[in-house]
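Student: Could you walk me through this one, starting with the words I need?

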Amino acid sequence: MRSLAATILLVGLLSAPGAVKAQAPNSLLLGSPPQAGEPAKPADAPKAAESAKPAEPASPVVDGATLDPAHTSTVFWIRHILAPVAGRFDAVAGTIDIPPQHPAKGRVTFTVKTASVDTGVAARDKHLNTAEFLDTAAYPEMKFTSDHVTPFRRNIYKVTGKLTIKDVTKTVTIPVRSLGTKPHPMMPCVDVSGFEAVYSLNRLEYHVGTGKYFKMGAVGDTVDMRLAGETLAKRPGCVQGQ
């Protein structure tokens, strides 16, 4: 499961904290608050980031493969000096279809809108959107597409495929855990299947950051990611109202 946090991943590289003025000792990147009497000024989010923020989710697709956007999450953690800082991507989409009896026929895809990164600090998010980190104007998406799926342990599958972040594409293997399947309590004749993946990656290998803040000991190079989501499928032979 440790591998997957890096992949799907989704991609935690985006988690590297940023600053309005990286050279300032009181910058948000270094984690120190503004000097007394100098309240932090809210930063305007880039237009790309605004467009990447998800709209109200549409009705979920009930096809047994498409991730339900309202119940899919991509979160990440990265070390800031000593303690980990968390963030997430709000605009994600994908498919997970791994037949338990025929896992070799499984397929996994995942797309993240990079400008949807959200660490809870507007100035840091603005910095992450720049060419120094995610460069969301030039690289609006991160993608993973599986090549093959193999059983690993009980309810865990090794999903090998291509992960693309910025201008780098690597073949990676991500462990994906099946959380099971059960009837949806609010959608008659629909079953819910759950999945999660945890993966770790080196953001510098994907050109997310120049290594400047890593060398000074301010921001780590390893990003831990967790992807979780649900798919919906019609229950075979079920007739509503019966």
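Tutor: Two strands pair if DSSP finds at least two bridges between them, and strands (E, at least two residues) and helices (H or I, at least four) are DSSP runs numbered from the N terminus. This is a predicted model, in which local features need pLDDT of at least 70, side-chain atom pairs count only at pLDDT 80 or more, and totals for chains, interfaces and linings use all residues. Residues are numbered from 1 along each chain as its sequence is written, and side-chain values use heavy atoms, with hydrogens and water left out.

Student: Which residue is the bridge partner of Ser 200 in E10?

Tutor: That partner is Asp 224, and strands E9 and E10 pair in the antiparallel sense over 13 bridges.

Student: And how many bridges join E1 and E10?

Tutor: E1 and E10 pair over 7 bridges, in the antiparallel sense, with Val 75 standing opposite Arg 226 in E10.

Student: Switching topic, where is Thr 119?

Tutor: Thr 119 lies in the loop between strand E5 (117-118) and helix H3 (122-128).

Student: Why does Thr 119 count as buried?

Tutor: Thr 119 counts as buried because its relative accessibility is 11%, and buried means under 20% relative accessible area, using a 1.4 Å probe and protein chains only.

Student: What does Ile 98 touch?

Tutor: Leaving out residues up to four places away in sequence, Ile 98 touches Pro 103, Gly 106, Val 108, Val 149, Tyr 157, Val 159 and Val 176, where contact means heavy atoms within 4.5 Å.

Note on methods: Buried < 20%, exposed > 50% of the residue type's maximum accessible area, 1.4 Å probe, protein only.
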